[in-house]
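Hello,

Here is the structure I promised to pass on to you. Have a look at it first, and then read my notes below.

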Amino acid sequence: MVESILVLTHADENGMLSQASLEGVTAGKDLSVGLGAPLVIGVVAVNGSLATSLGFGNARVLCVADEALAQSRYASDAAACEALCRAAHASIVIVAAGSRFTRVAAGVAFRLGGLIDTHITSINVSASGEGRSIEVTRSFYRQRIEAVLSRDARPWFLLIDAGTHAAFTGDGPVGEVEDVPVELPSLRTQVLGLRAPQQNALTIRPEAKLLLVAGAGWTKKQADGQTHAAEAGDLILGFLRNTGASLGSSKSLVDQGGDGGPVLPFLTHMNQIGQTGSMPRHAKGLSTCCHGEEPHVVGWRFIADRRAISLDPNCGWARGKADVVYVADAFKVMAKVNEKLAAANEANSAVAAPDRDFQRSQEVDAAVLV
Amino acid sequence: MTNELHIVVCAGIAPDPLQTLEPVTGATGPGLKNEMMLPAILDPWAASALFEAANLASRFPGSKVWLVSLGPKAKLQQVMMTVAQKAIFELVPIDAPIGGFADAHATAGALADAIAALPGLDREKLLIFGGWESATRGAGVTLQLVGERLGITDQFQGVDQIDLHDDGSFEVLERVEGGKHQVSRCIGAPAVLGWATGNLAEPRNNPQTGMANMRTIMPALQKAKLATLTANGLHYSSVSLPKQQRTTRVVKDRSPDEIAAEIVAWIGAN
Ligand SMILES: Cc1cc2nc3c(=O)[nH]c(=O)nc-3n(C[C@H](O)[C@H](O)[C@H](O)COP(=O)(O)OP(=O)(O)OC[C@H]3O[C@@H](n4cnc5c(N)ncnc54)[C@H](O)[C@@H]3O)c2cc1C
């Protein structure tokens, strides 16, 4: 099969290509080299000049530009991507998963008479009878089963997971950009803005190296027969302040608000990790007061280096789900950890930089960004 | 304008997440070992969609909720025993093979056909709900495809909240990067909303609701149409368990201070 590749990209709020888009370009370049197939970069932007200010090597660059594309919205994004796909006539369309294009990729594939596979973590080219063929890897059952698959049908849309490819940084001088016209449908939806839930302002940080997970043990009765939710909250927030870590939670802990149990007010379902939560990517993860049950641990798929503090020596973490388990009282350990981190920060140590953003967010309480 | 809504919730079934899953390859492709024997639940994010739909419908008189669910009849019946006690809806079952390895495009086609054929459905009142991803295939594409097939181009994914206004317009909160929500206003139905967790706790079982629902659920299951799902050129070369098992070092009988020192060193290490 003679293949050609299109990478769909979009500008971010600064007019430059988004991080996910740059990862998509890398995936497209790699595949183009592997297949010896031509590459087209398709750009969706308000104004193409900034977004196309990178050199893309010998790739053809197409751009759809329109004021309405400032908003991340299904109807306009689908129309813009459809126009790029029709102009490029590619057999393989690569889209990197960010919330914006994840919303429309399948719809665009449908309009093109194509098919889509998503959550792709790697794209491999192998020599087959008639030339080279493409296989992709993705997971099923929320990361519990891994499959390698291929499709005969074209166009084939591949939505790749964030963080699976390095961000593209440019290749040679800036080339020519071809404008692609788009006819937008009448728009019934207006994007009003972004809102950070008041409770979890800045506790979720995809860029952080470290994830701290809080489990339901933090709000359960402790050895003295009492709950200590306020102290738990202080310890957790203290740790975030000291390390800049992102905060995840087990389902049991975030559900407690609804069940009338003691709550940590800064947690929402957005913090939940696992089967019905998120699957973040951080280099390291520290689980505290969490049992490490399978529906939770599937959310740790992309966290390579894992440690846990639990009172229970038979918790899930101790059974092959973490690298190190400390059988200890997390209240006592985390108090000491915070003490040491604060002292290290005070001494301006390189161990962990204090998190100024977080401190500021606490002071300013800049919850609503709309 | 009244705010009467016709909400169609698309929800599949999934194995209870506490079950051990083992892939096997059979004559028709990959599947799970003893899949028909595993206890099943309504797919969790789609279940949030159902509870949000029922809640919305209860607030706007004259509204109606359909639950379109594709899966083996026997399994659907089992899952409905509990789900029927939690919300009022009309079940539209589609009898089809179990499992996450079926092609999403075929599933979406069967769902869209079933929705288009619903008697009395008014497109001007139509909200299509579902989970933004399933717990089986987890592709996150089915609702989009259903929407496209039905010509609905106001679509939202990762929805945690909808606020309906008197004029029929609504505001939607969708999950975006960094723990934030994007807030959008849509002028009204029809629209597609793929739900994340939403804001509602799972309703308690109400046997009366269950009994009322079951009167229509059982005949619907008996009449469920059989759907064959085409593979659309999808080939699986391998299906396996990810290598997840780690050699865990369990640290016991150490003081909090010693453990803290080790953790701080670990945080600082590259
Ligand atoms: C459909 C479905 C979907 C689900 N999806 C998810 C999901 O996405 N994410 C998720 O997390 N769960 C999910 N679950 C729930 C999951 O099965 C577990 O019930 C949940 O993860 C348990 O949370 P936990 O470990 O925090 O709480 P618990 O099981 O209550 O464990 C608390 C732990 O804290 C320890 N502890 C208590 N005090 C201390 C202390 N002072 N120091 C140290 N340790 C202490 C205890 O020993 C215990 O191990 C799902 C379940 C279902 C049925």
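Predicted model: local features only at pLDDT ≥ 70, side-chain atom pairs only at ≥ 80, totals over all residues.

Residues are numbered from 1 along each chain as its sequence is written, chains are lettered from A and ligands numbered from 1 in the order in which they are written, and side-chain values use heavy atoms, with hydrogens and water left out.

Now for the two chains together. How many residues of chain B are in contact with chain A? There are 89, and they meet 92 residues of chain A, where contact means heavy atoms within 4.5 Å. The two chains bury about 7,800 Å² between them, 57% of it on carbon and sulfur atoms. Buried area here is the accessible area (1.4 Å probe) that two parts lose on being put together, summed over both. Glu148(B), Arg246(B) and Trp266(B) supply 10% of the area that chain B buries against chain A, more than any other three residues.

The rule also finds eight salt bridges across this interface. A salt bridge is a side-chain nitrogen of Lys or Arg within 4 Å of a carboxyl oxygen of Asp or Glu. Arg188(A) forms one with Asp154(B), and their closest N and O atoms are 2.6 Å apart.

Finally, the ligand, which lies between chains A and B. It is surrounded by 32 residues, the closest being Lys220(A), Gln222(A), Ser250(A), Thr276(A) and His291(A); a residue counts as near if one of its heavy atoms lies within 4 Å. A polar side-chain atom of Gln222(A) lies 2.6 Å from a nitrogen atom of the ligand. For Thr276(A), a polar backbone atom is 2.7 Å from an oxygen atom of the ligand. An N or O atom in the side chain of Ser252(A) is 3.1 Å from an oxygen atom of the ligand.

Enjoy exploring!

Notes:
Polar contact = N/O pair within 3.5 Å; in protein donor to acceptor, adjacent residues only side chain to side chain.
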